[in-house]
Amino acid sequence: MPWAEALIASKSEELPSPQEGRVLSYVDALHEALALALGLDPNVIVLGQGVNDPKGMFGVTTGLHKNFGIERVFDTPLSEEGLFGVCTGAAMNGIRPVYLHNRPDFLLLAFNQIVSHASKFHYLDNGETSVPLVSWAAIGRGWGSGAQHSQAIQGLLLGVPGLKIVMPSTPYDAKGLMLAAIADNNPVLIFEHRWCMRNKGVVPEGIYEVPLGKGVYRQTGNDLTIVGTSHSIELATQAMGELSDSGITADVIDLRTLKPLDEDIIFESVRKTGKILIVDTGWEMGGVCAEIGCLVAEKCFSSLKAPVRRIGLPDIPTPAGYTLEQLLYPDVQRIAGVIKEMV
Amino acid sequence: MTIKYKYSGRGYSSRENQALSLDKELLVAFYRDMLRIRRIEEEIESRYHEDEMKSPIHLVMGHEAVSVGSCSALKKDDLIYCGHRTHGHYLAKGGSLKGMLSELYCRINGCAGSRGGSMHLLDKSVGMAGSSAIVAGAIPIATGAALSFQLKKQEQVVVAYLGDAATEEGACWEAVNFAALKKLPVIFFCENNFFSVCSSLEVRQPANVEIYKKAEGFGLPGVQIDGTQVLDVYEATQKAVARARKGEGPTFIEALTYRWRGHGGAGDDSASGYRDPEEVRHWEQFCPINGLYDYLVKKGLYNAAEKDLAEKEITAEIQEAFEFAISSPNPEEKDLYTHVYSP
Ligand SMILES: Cc1ncc(C[n+]2csc(CCOP(=O)(O)OP(=O)(O)O)c2C)c(N)n1
């Protein structure tokens, strides 16, 4: 197990999110994670439409094929279901594929393999076979992404046993969660957000992991709990910034992974604040907001001082036009408004 | 009604004056293995009404030559993947009869720990690496297994069994395209029995485009063989295996065969009207097992006394295995929760 050995050798562990040190772009952090993984373990492969393009996939894969060879870093036919199945079969036989997609929308073609195959085999064959694969896609927003290039589909997959779902927000997490996902022996879906990918942040060199299934406090406070992931938690943090003069304080929790869900950190905070606002890039109905809201109502009812609130997307498709799009997406002002209402 | 799908092969007549290319031991093993599968299926069928095997079954009577001929051309560490019709392939690949029957009886010591049932007789120890009850679902996965062998420079090959209806799914051709592109060591083995449940081939695929010809269009060799003839199956598979092991890539084999029973469950359901019961009688004349028996007797390689002995041994094995399965323990509640995620 080269992974395990290398990780132990490097004493990889979760560092406290550093405030100082080398600053890297989100994209470069991901690139570094892939390069490290490819260097560490000959069984890691990186594939996807255009990963060998001159600019790589969003820059995340640029030049990797030159260093690690086109047997291990390769472009794929446009066969999302087929190739997801190929990754599953390869993973069942010792390979650790990282299959990249431009958009989660394209993964909808692969649902059969994701839902009915990759996440089922370990259970189906009574634990004999593992499926250590990573599938990565970046959620789009804006400039006409529209109904078919902006979908944040994490909510559709939340109820699938055997899957893990990761949604980073910072460059540090993007790298650490990618490394953890590749090292994990289960199918892991990573949903980035294109807007988070513009961020820069402190990213240590070398190997470290951000554990799957553990959320982190981005801020602490007393008036309410705000939970979410990815671009949503970024917006919520900005909303708290807007409210800095108001005296409102909140626990802002970046869950980082939706599945496994860090229930403990949510309940710990809600028991303290008595109020929760859930933010998500996906639809409110039946999704992440709905699930966490229900969990809190079920398990923290006696601590709640106000109704659960959620800010996700309304039950409508994404329009492509600029004005309609602005009206669809929750922005910092709207989130700040809800926070004020709640306090 | 009329007989729509006639047997089009030449049986063993084409081999009558030919010198034997295989030794007696192997030929007798072919016979015995096919007979064993037939008798096992008959016993399952005769007990199915007791409703103790609470598992949807898809019997393989009529298909025995496909399983035995192809698996005999494989080594133990070669892998097979298949669809819902698993019994013959599992047994021919060396699967445990006790493990299989315990699985059908939903016992904890079933080959998949009672998680798979008849459609998922998974057993890594004999290379029964995966099956899918979603038509065509396992084809890309088998292709991924072949990719893993190629990447790790291992000599193993993979067989993906599929029905004629599986060639109506996009994922099948996505996998075939990818396998041809990468020259993967995989054999796509289509068992064309002319039916998908009650829908005949003529309402599903245009006439006059044979399935193996479609495969050829993807740039890999396609062959059509007589699926009732174990020697034809063996030779075709051997050739495909040799090609795959040499790194020359995949082969698509289409074996014409016939399912003697209904799509699922016990008994023949032709009387319901989707096919002429006479068509079944017609194909029964080309029994893969009796055909080989007559041939072996003619060649002086086998006789009635040896057959009787084989029948006795097989009956004893089957009775013991049924007793074993029926007296095996049921799973407990704790068994429900294990192996959702891999450690
Ligand atoms: C994707 C999908 N569609 C439909 C079914 C229902 N179904 C189960 S088996 C079967 C027939 C498949 O026929 P074929 O692939 O030719 O195999 P055979 O049963 O003849 O061995 C069908 C339609 C399914 N399991 N999966």
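Ala, Val, Leu, Ile, Met, Phe, Trp, Tyr, Cys and Pro count as nonpolar, Asp, Glu, Lys and Arg as charged, and the others, Gly among them, as polar. Keep that in mind for the linings.

Ground rules next. This is a predicted model, where local features need pLDDT of at least 70 and side-chain atom pairs count only at pLDDT 80 or more, while totals for chains, interfaces and linings use all residues. Residues are numbered from 1 along each chain as its sequence is written, chains are lettered from A and ligands numbered from 1 in the order in which they are written, and side-chain values use heavy atoms, with hydrogens and water left out.

Let me start with the two chains. Contact means heavy atoms within 4.5 Å. On that basis, 39 residues of chain B touch 40 residues of chain A. Buried area is the accessible area (1.4 Å probe) that two parts lose on being put together, summed over both. Chain B and chain A bury about 3200 Å² between them. Carbon and sulfur atoms carry 62% of it. On the chain B side, B:I141, B:Y341 and B:S342 lose the most area to chain A. Together they make up 19% of what that side buries.

How many salt bridges are there between chain B and chain A? The count is zero. The rule asks for a side-chain nitrogen of Lys or Arg within 4 Å of a carboxyl oxygen of Asp or Glu.

Now inside chain A. Its domain assignment gives domain 1 (3-202) and domain 2 (216-342). Such bounds come from an automatic or database domain assignment. The C-alpha centres of these two domains of chain A lie 25 Å apart. Their contact takes 35 residues from domain 1 and 28 residues from domain 2. Between them, the two domains of chain A bury about 2400 Å², with 54% of it on carbon and sulfur atoms. A:R141, A:L158 and A:M167 supply 25% of the area that domain 1 buries against domain 2, more than any other three residues. Across this domain interface the rule finds two salt bridges. As for salt bridges by name, the side chains of A:R218 and A:D173 meet in one (2.7 Å, N to O).

The grid is 1 Å, over the protein atoms alone; a cavity is a set of points where a 1.4 Å probe fits but cannot get out, and a pocket is an open set with protein on both sides within 12 Å along at least five of seven lines. Lining residues have an atom within 4 Å of a point. Points are joined across faces, edges and corners, and a volume is the space filled by probe spheres set on the points.

There are three cavities of 30 Å³ or more. The largest cavity holds about 130 Å³. Which residues lie nearest its centre? They are A:R141, A:S232, A:D280, A:T281 and A:Y329, out of 17 lining residues. The lining draws at least three residues from each of domain 1 and domain 2 of chain A. By class, nine are nonpolar, six polar and two charged.

The second largest cavity has a volume of about 60 Å³. Its lining includes B:R15, B:L231, B:E235 and B:Y295.

Last, the largest pocket, at about 360 Å³. Its lining has 24 residues, with B:H84, B:R85, B:V135, B:L162 and B:G163 nearest the centre. Twelve lining residues are nonpolar, nine polar and three charged.
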